[in-house]
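Subject: Structure handover

Hi,

Here is the structure for your files. Please open it alongside this note.

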Amino acid sequence: MPVTQQYFEENDFFHTHNIEMDGTRPVFRTTRGRQVFTDAGIYVWASPMLDHPDRYDALYVGKAGYGLRRRLGQHAGSFRDNGAGTGQQNRQLIVEWLATGRTLQVWGRLSPSINLFGQETSLYSAEEAAACDAFEPLWNRANFPRAPNVGAAVPD
């Protein structure tokens with residue numbers, strides 16, 4: 001599902017990085033003047049649509065429990081030639097996408113926290129699941145449990 005830049009901005013996402021090729025490997029380049037968050041949050045790899053540059057194809061949604069800088073560093077490490085299987089799959093998807101002339105951006109958002117059972121708890125995991133439902137990213141492979149329908153009959 002396309003996501004508008006306005007929707008990203010209204011929901012406190014900000015453009016943190018561009019994903020570009022450095023030889024044969026994708027790299028994350030920080031956008032000029034952006035402070036990359038180090039607290040828990042979520043992020044979206046998104047590509048501006050060629051015919052509507054203010055609308056994006058959502059390709060991947062992830063969570064960053066220890067901040068975006070650390071999480072993108074983990075992704076970058078897995079893009080190396082000796083990287084892990086999932087990282088190599090993501091690398092291949094990125095390489096093929098960029099080869100078509102499309103661009104890739106990272107949009108990040110700090111996640112709020114709530115008090116549950118007397119403990120301050122970040123909502124980043126719940127936000128990742130909700131963002132996957134809302135944005136329908138093309139590259140995510142994880143399945144998230146769906147919230148029950150309120151008022152729906154529960155089988156005995």
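Below are the sheet, the helix across it and the cores.

This is a predicted model: local features need pLDDT of at least 70, side-chain atom pairs count only at pLDDT 80 or more, and totals for chains, interfaces and linings use all residues. Residues are numbered from 1 along each chain as its sequence is written, and side-chain values use heavy atoms, without hydrogens or water.

**Sheet.** Six strands form an open sheet in the order β1-β5-β4-β6-β2-β3, with antiparallel pairing. Strands (E, at least two residues) and helices (H or I, at least four) are DSSP runs, numbered from the N terminus. Pairing takes at least two DSSP bridges between two strands. β1 (2-4) and β3 (25-30) are the edges; each has a single partner strand, so one side of each lacks a neighbour in the sheet. Three bridges join β1 to β5, antiparallel. Within β5, Y56 is the bridge partner of V3.

**Helix.** α4 (residues 124-135) lies across β1, β4, β5 and β6 and runs at about 155° to β5. Angles run from 0 to 180 degrees between N-to-C directions, with axes fitted to C-alpha atoms, for helices over the stretch in contact (heavy atoms within 4.5 Å).

**Cores.** A nonpolar core is a set of buried Ala, Val, Leu, Ile, Met, Phe, Trp, Tyr and Cys residues joined through side-chain atoms within 4.5 Å. Buried means under 20% relative accessible area (1.4 Å probe, protein chains only). The largest core has 19 residues; W45, I94, L104, V106 and W139 touch the most other members. A second, separate core has 13 residues, including V44, A58, A131 and C132.

Best regards

Methods
Buried < 20%, exposed > 50% of the residue type's maximum accessible area, 1.4 Å probe, protein only.
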